[in-house]
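Trainee: Before the discussion begins, may I have the sequence and the structure in view?

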Amino acid sequence: MALIDEIKRRRTFAIISHPDAGKTTLTEKLLLFGGAIHVAGAVKSNKIKKTATSDWMEIEKQRGISVATSVMGFDYEGYKINILDTPGHQDFAEDTFRTLTAVDSVIIVVDIAKGVETQTRKLMEVCRMRNTPVIIFVNKTDRNGKNPFDLLDELEDELKINVRPLSWPINQGQDFKGVYNIYKQKLDLYRPSKQVVTESLEFEDITSPDLEQHIGENDAMQLREDMELINGVYDAFDVDAYLSGRLAPVFFGSALNNFGVKELLDCFVEIAPCPRPIVSEEREVKPEESAFTGFIFKIHANMDPNHRSCIAFCKICSGKFERNVNYKHIRHNKQMKFSSPTAFMAQRKETVDEAFAGDIIGLPDSGGTFKIGDTLTAGEQLHFKGLPSFSPEMFKYIENADPMKAKQLEKGVQQLMDEGVAQLFVNQFNGRKIIGTVGQLQFEVIQYRLEHEYNAMCRWEPISLFKACWIESDDNSALEMFKKRKAQYMAKDKEGRDVFLADSGYVLQMAQNDFPKIRFHFSSEF
Ligand code: G4P
């Protein structure tokens with residue numbers, strides 16, 4: 001197949017949601033349709049977490065929280081689908097943000113009863129920053145939930161995006177009859193079953209009296225009224241508005257009952273974007289360019305506890321990647337070839353000979369060769385950007401708890417930070433190391449991993465900080481003056497950039513007032 005055709009058939013996306021909305025269940029159903037797994041339906045969700053998604057890390061087994069972000073690839077109707085799973089737990093939000101830099105579109109799962117929840121709101125902000133096309137799947141229609149019109153308003157208000165329903169629920173909860181597939185003009189009737197796929201009837205004309213036969217008089221009347229309202233309120237679906245991230249089509253269904261999932265998938269492969277051009281510092285790179293380029297967006301350590309190694313996840317941005325061919329590691333200015341790159345096919349990973357723009361490959365790394373954000377190319381000097389760090393929410397001093405193991409601790413901390421587990425700041429005043437995270441759980445992960453992977457012991461000491469701000473100024477002397485005046489609060493991040501550690505919102509506000517020539521940023525990319 002020609003390179004361009006390989007690229008056009010690829011759909012690389014992430015499913016995101018607030019925990020418990022049904023992301024895992026939906027992922028499993030999509031894998032079922034792709035024939036990537038064969039267990040029909042009723043697999044317990046927590047069991048899925050252990051099979052359909054990765055349980056490579058010991059800690060994940062212990063806590064039952066999906067710490068890892070895994071990739072699941074499968075073929076469906078001629079398309080090559082790559083689903084990037086994201087950790088549901090909010091403490092790993094940073095991991096999810098990075099994953100969103102490697103996808104071409106996103107499906108957001110929302111619980112019909114709970115509506116938009118905090119985590120969904122935050123993740124949508126990241127999608128908006130990058131104009132990522134978004135489809136919304138309203139899940140659990142088999143349960144009583146919000147009025148669908150109210151929910152659409154809520155989605156628009158809370159997620160700050162225009163919406164357009166492409167399917168519509170006929171009643172809900174106990175009385176749920178199915179959905180009208182607006183996109184395909186079909187009536188999908190609900191048979192509560194975890195095994196059987198839905199019954200779907202062509203139904204172009206909902207004014208036809210046949211409708212009553214299928215869903216009864218009241219629901220038929222209601223559906224006609226609803227459709228009239230929808231067509232009055234919402235413009236016709238505009239694919240371009242979706243592709244530019246301005247409009248989110250909305251589907252209704254029940255992932256658990258395998259209802260509405262195929263409709264979602266069929267529409268998704270049709271409208272979702274294939275790999276798109278990616279901006280590097282030097283130029284825009286188009287996926288169909290023949291020369292390979294890619295970047296590392298995730299590093300996963302010790303997937304096999306018996307075999308100490310890392311896997312760097314590389315998103316291919318252009319061309320074709322081949323096994324055993326020399327590529328340039330830009331940061332190290334070094335040629336490298338990979339004898340066992342892996343592709344992720346559902347639960348398996350297998351060695352691949354080639355992969356194309358849009359695909360994610362795993363590159364085994366035994367010696368800390370890769371850092372998050374590294375670029376690989378066929379030779380061209382390129383740097384992909386767009387992996388910003390956000391200011392952490394929680395901070396602690398990290399101290400060595402075993403003086404005999406200082407070197408191990410140093411190495412462990414360094415590698416964990418390169419993996420992007422958390423952020424390290426070194427206070428320039430007293431030289432102490434500060435770890436910043438999104439949530440408490442990450443401190444526990446770091447301590448556990450230092451102990452089990454690096455044989456090092458750490459101790460946490462409290463520090464009260466509000467935010468870490470990256471600072472810059474066009475006026476060098478103003479910058480120097482600021483750093484001198486705030487010496488106790490100045491730190492360097494791991495790239496050596498200046499960071500101001502504000503211990504309260506008030507202090508930050510004062511600093512902003514007192515030093516108007518300094519720009520304060522809450523993310524490392526500005
Ligand atoms: P997550 O990955 O977003 O965290 O959610 P997950 O798929 O694990 O689903 C969370 C819970 O919601 C699970 O129940 C799952 O069975 C249930 N669920 C998912 N989709 C639907 C749906 O369409 N309808 C209904 N009624 N429930 C749904 P659980 O009790 O946590 O687990 P389990 O014991 O049922 O497996």
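This is a predicted model: local features need pLDDT of at least 70, side-chain atom pairs count only at pLDDT 80 or more; totals for chains, interfaces and linings use all residues.

Mentor: Residues are numbered from 1 along each chain as its sequence is written, and side-chain values use heavy atoms, with hydrogens and water left out.

Trainee: Is Arg9 buried or exposed?

Mentor: Arg9 is found in the loop between helix H1 (3-8) and strand S1 (10-17); helices (H or I, at least four residues) and strands (E, at least two) are DSSP runs, numbered from the N terminus. Buried means under 20% relative accessible area, exposed over 50%, and partly exposed in between (1.4 Å probe, protein chains only). With a relative accessible area of 18%, Arg9 is buried.

Trainee: What distance separates the C-alpha atoms of Arg9 and Tyr79?

Mentor: Leaving aside residues up to four places away in sequence, Arg9 touches Met1, Asp75, Gly78, Tyr79 and Lys80 (contact means heavy atoms within 4.5 Å). Arg9 and Tyr79 are 70 residues apart along the chain, yet their C-alpha atoms are separated by 4.7 Å.

Trainee: Which residue forms a salt bridge with Lys29?

Mentor: A salt bridge is a side-chain nitrogen of Lys or Arg within 4 Å of a carboxyl oxygen of Asp or Glu. Lys29 is buried, at 1% relative accessible area. Its partner, with closest N and O atoms 4.0 Å apart, is Glu28.

Trainee: How many salt bridges does the structure hold?

Mentor: One of them joins the side chains of Lys262 and Asp266 at 3.0 Å, N to O. Both residues lie in helix H11 (residues 261-271), four residues apart. The number of salt bridges in the structure is 35.
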